[in-house]
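Trainee: Before we discuss this model, could you put the sequence and the structure up for us?

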Amino acid sequence: MLDTLDAAAVRRWCAGGLAALKRHQAEIDELNVYPVPDGDTGTNLVLTLTSAQQALALDLDNSPEATQTGEQNTGPVPQSPHGRVLRLMARGALLGARGNSGVIVSQILRGLADALATSTAVRGRDLARALGTASTAAYAAVAVPVEGTVLTVAAAAAQAAVRLDSDDLGEVTRAAADAAADALARTPEQLPALARAGVVDAGGRGLCLLLDALVEVVTGAAPSRAAPTPPPPVPAPPVTAVRETGAETYAYEVQFLLDAEPAAVERMRAVLAGLGDSLVVVGDDAAPGAVTTWNVHVHVNDVGATVEAGVAAGRPYHITVVRFADQGSGVPVGEAAVAEPSRPQGRAAVVVAHGAGLAELLTAEGATVVRGNPSTLDLLSAIRSTGAAKVVVLPNDPNTQAVANAAAKEAYGHGVRVSVVPTRSPVQALAALAVRDPGRRFEDDVIAMAEAAGACRYGEVCYATREALTVAGRCQPGDVLALVEGEVHLIGSELVPTCAGLLDRMLGGGGELVTLLLGADAPAGLADSVRAHVSRRWPFVEVHDYPGGQPFYPLLVGIE
């Protein structure tokens, strides 16, 4: 029997919890109750805890000294050894979280880590307080909390631990686990969908296994507990059943990791809340303005708009999309509407471009090109002219993105499904088109294109038209301005040296491939001069140049 929870015990708990989830993985998977499921909960929880376990296994700082004294801790607040291990476990779970339940469990672990970070010793009352923090964190992570789920089970465990009011760690862990099991058995009374299917909540079942594993670590004995036996199924009423984690009208589950600032994440959260349901956004602690990692989960119909919201907030990666119809027997609302025989077929890409050379390049990549500064009607006409049922639009300009979004909404009424990848420069469009693959599912293709565009950093060179104060200093009319992703980074008096300086600035952050697009007013020899400079300074970088013909910008640059 342990009197306190130390770092070694936390590691044993993670290993024991993962082993328990693996033993019961198939059982929990079978608790999914809808023909259009939210993935397989048992599998998702195993993958989530596997990531947590890997984070502990990869911890290079796991020396006996670090474990005993905590001297190797880093960060603004010194952490106890057990707090440090809990933090590693929670972050590993966050980065590997799968599905709605996986994300919530990762947040429960984070709540425990937050509450116990600086505790010198974890006794019963400390654990009770931490379980309360974990439950609060779990509820806060869900846009619309639903009772009868893992949230209810977590809350019951915390409440029982607090009520016991004891420093006996074994008694507190047993009370929490027993209360969780009782709450799990009652979930069908709280959620009609569970009662109709005759099952208990799958995520709650997984949390109960984790709490039982903690009891075994603390007391040395596993609880004697039979698998939950919910009441028999209740016949469904003559109305459409409501899904446990959202409405059946949403066809896709989208999940990704995101590096972004908290303020940007809040804006993204508002956008995603308008696109679908089952929205869960969780992340590491971050100071205002600091970039940190978030795990985003949502059910939607418009995958492209979801990815766009992530790109607008920061850097999304490890993007996964599950089409519910591929997992069950039903066809979700929204998907069937696109697949009607009378609708257009196939897929296409529509790209906005300025310049004859750019139009030729993009057309060669199989895209339909819209010239100039298009209206919503211009883009809608181009979308419909493709004859395709699924179209990707690349606006290549922040000012055109809103127009593209409006055209996408209008196109839906004509039976065309449109995803807007928020490219801000033609070089990003070229990167996106280069990875397009008609053999992939449309949703996967949109994700691949968005990731390729996001990985392409862009720059541009132009002449100042008036005096202004920029990030790089004050400029005068006629000065040469070098911009990186919309911000002035260099001010020069001559074109070629400024272009060379821009390449140095951008390649200093890494890059293997440079794309140069020469503008309509680019002087003869500009491409050769820039190529020669890159060859001297960056000999292992590949350079391609093309006549873009774009106005106002003698040079556009893409770095991949």
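Mentor: Two strands pair if DSSP finds at least two bridges between them, and helices (H or I, at least four residues) and strands (E, at least two) are DSSP runs numbered from the N terminus. This is a predicted model, in which local features need pLDDT of at least 70 and side-chain atom pairs count only at pLDDT 80 or more, while totals for chains, interfaces and linings use all residues. Residues are numbered from 1 along each chain as its sequence is written, and side-chain values use heavy atoms, with hydrogens and water left out.

Trainee: In which sense do β7 and β8 pair, and over how many bridges?
Mentor: Strand β7 covers residues 390-394, and within this pairing Val 393 has Val 420 of β8 as its bridge partner. The two strands pair in the parallel sense, over 4 bridges.

Trainee: Which strands stand at the edges of the open sheet?
Mentor: The open sheet is formed by 4 strands with parallel pairing, in the order β6-β5-β7-β8. Each edge strand has a single partner, so one side of it is left without a neighbour in the sheet; these strands are β6 (368-371) and β8 (417-420).

Trainee: Is the lining of the largest cavity nonpolar or charged?
Mentor: A cavity is a set of points, on a 1 Å grid over the protein atoms alone, where a 1.4 Å probe fits but cannot get out, and its lining residues have an atom within 4 Å of a point. Grid points are joined across faces, edges and corners, and a volume is the space filled by probe spheres set on the points; the largest cavity has a volume of about 110 Å³. Of its 13 lining residues, those closest to the centre are Trp 13, Leu 112, Leu 131, Leu 211 and Leu 214. With Ala, Val, Leu, Ile, Met, Phe, Trp, Tyr, Cys and Pro counted as nonpolar, Asp, Glu, Lys and Arg as charged, and the others, Gly among them, as polar, the lining has no polar and no charged residues, and 13 nonpolar.

Trainee: How is α7 oriented relative to α9?
Mentor: Axes are lines fitted to C-alpha atoms, for helices over the stretch in contact (heavy atoms within 4.5 Å), and angles run from 0 to 180 degrees between N-to-C directions. The axes of α7 and α9 (residues 169-190) come within 8 Å and cross at roughly 30°. Angles under 35 degrees count as roughly parallel, over 145 as roughly antiparallel, 65 to 115 as roughly perpendicular and the rest as oblique. The crossing angle therefore makes α7, relative to α9, roughly parallel.

Methods: On a 1 Å grid over the protein atoms alone, a cavity is a set of points where a 1.4 Å probe fits but cannot get out, and a pocket is an open set with protein on both sides within 12 Å along at least five of seven lines; lining residues have an atom within 4 Å of a point.
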